[in-house]
Amino acid sequence: RALNFNAGPAALPLEVLQQAQEQFVDYHSAGMSIMEMSHRSAAFEQVNNETQALLRKLYGIPDSYYVLFLQGGASTQFSMVPMNLLQAGKPAAYVMTGSWASKALKEAKLIGETTIAASSESDKYNRIPDLSSIVVPENASYLHITSNETIEGTQFADYPNVPDNVPLVADMSSDILSRAVDINKFGLIYAGAQKNLGPSGVTIVIVRKDLVSDSLKHVPTMLRYDTHAATDSLYNTPPSFSVYMVNLTLKWIESKGGVEALEQYNRDKTKLIYDAIDLSGGFYRGFAQEGSRSAMNITFRLQTEELEKQFAKESEQQGFVGLKGHRSVGGLRASTYNAVPHENCKTLAEFMQDFQRRNG
Ligand code: PLP
């Protein structure tokens, strides 16, 4: 298997792929694949319901929240959130942490009034703004954060407090189910599945029920949360195969001891790579400031772009995939989502040390 450090779509657990392979042509002796079945069949409804129940159990989602499986990626949520929650005369507040927060704000501006609650743009988004610097208007429709900036490699260590009646909305596309979270802090959480939860094609939305009852009435049917909440995400044809893959991935997470166990596993494996950076005497330089470092996307630079290119090329020759940084930030990036094995991180840390020995 490739040493896959892709940012997304990303590595899936081998066990999940093998199980899907076993069931691919003939799902539980049905004589057909799950992807050939009606989404109204008992078999698919069972998958849909079980996936929702597993997510609720593993992430500790209370009954006062809906769990929705939507399409259109997290990018569609950049619009759906303001379309459903941004009310006239009540600005939507955004914490500007990097590339994805900027995209989310851009869409909200098309819908209504917005305000910037805090920003680290002057530091090239190499840190999460201090929580104490976040200013949320009392009448804000919501506060939006990007819990993990996939491109810059920064992550909120703690979440901001919000005034009463201001829901906290989080784009958790690149760190959902990688660590324990108190769901009660949030009004709405959304995430594309393709990093920690399965393949692309399905987007998870966890939303407090009282927020959905207020879906604004002019919003098109498919873009309203209440449409999908009222139909268990089966209003129209769902991304059934992707939901099935999320189901298998959640069972894998459960078999690993759940989210808390994965959080520790992720911390241990990323430490290997951060140590390779920190103990390199400046040969490697981490992009993110220390207190803002991501456990999912490790961004780092070398002294010259030439050396970075050489690192990327040699890493590919050794079987590593996806280590070139995003074109907007440059440098290198190792994405270490849930399914990336500890031993692959160890192999990468050793490669980094060896590369330094040869080029330092
Ligand atoms: N938000 C974050 C934090 C992301 O990392 C990504 C994709 O990489 C997106 C949003 C966009 O997701 P999608 O491609 O599902 O629209």
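Colleague: Where is threonine 237 placed?

Modeller: Threonine 237 sits in the loop between α6 (225-229) and α7 (240-255). Helices (H or I, at least four residues) and strands (E, at least two) are DSSP runs, numbered from the N terminus. Before we go on, this is a predicted model: local features need pLDDT of at least 70, side-chain atom pairs count only at pLDDT 80 or more, and totals for chains, interfaces and linings use all residues. Residues are numbered from 1 along each chain as its sequence is written.

Colleague: Thanks! Is threonine 237 buried or exposed?

Modeller: Threonine 237 counts as exposed, because it has 10 C-beta neighbours inside 10 Å. The cut-offs are 20 or more other C-beta atoms within 10 Å for buried, 12 or fewer for exposed, and partly exposed in between, with C-beta atoms placed from the backbone.

Colleague: And threonine 150, buried or exposed?

Modeller: Threonine 150 is buried, because 26 other C-beta atoms lie within 10 Å. Its place is the loop between β6 (148-149) and β7 (154-155).

Colleague: What does threonine 150 touch?

Modeller: Leaving out residues up to four places away in sequence, threonine 150 touches Ala7, Gly8, Trp100, Ser174 and Asn297. Contact here means C-beta atoms, placed from the backbone, within 7 Å.

Colleague: Which residues does the UniProt "binding site" annotation cover?

Modeller: In the unreviewed UniProt entry, that annotation covers Ala74, Ser75, Trp100, Thr150, Asp171, Gln194, Asn236 and Thr237. They do not all gather at one spot, because they span 164 residues in sequence and the farthest two C-alpha atoms are 30.6 Å apart.

Colleague: OK, which residues surround the ligand?

Modeller: The ligand is surrounded by Gly8, Gly73, Ala74, Ser75, Trp100, Thr146, Thr150, Asp171, Ser173, Ser174 and Gly192. A residue is near a molecule if its C-beta atom, placed from the backbone, lies within 6 Å of it. Helix α3 (residues 73-85) gives the largest share of this shell, three residues.

Colleague: Switching topic, in what order do the seven strands of the open sheet run?

Modeller: The order is β2-β10-β9-β8-β5-β3-β4, with mixed pairing. Strands pair if DSSP finds at least two bridges between them. The edge strands, β2 (65-70) and β4 (114-119), each pair on one side only.

Colleague: How many bridges join β3 to β4?

Modeller: Five bridges join strand β3 (residues 92-96) to β4, and the two run parallel. Tyrosine 94 stands opposite isoleucine 116 in β4.

Methods. UniProt positions renumbered as here; feature names shortened; annotations may be inferred. Contact = placed C-beta atoms within 7 Å.
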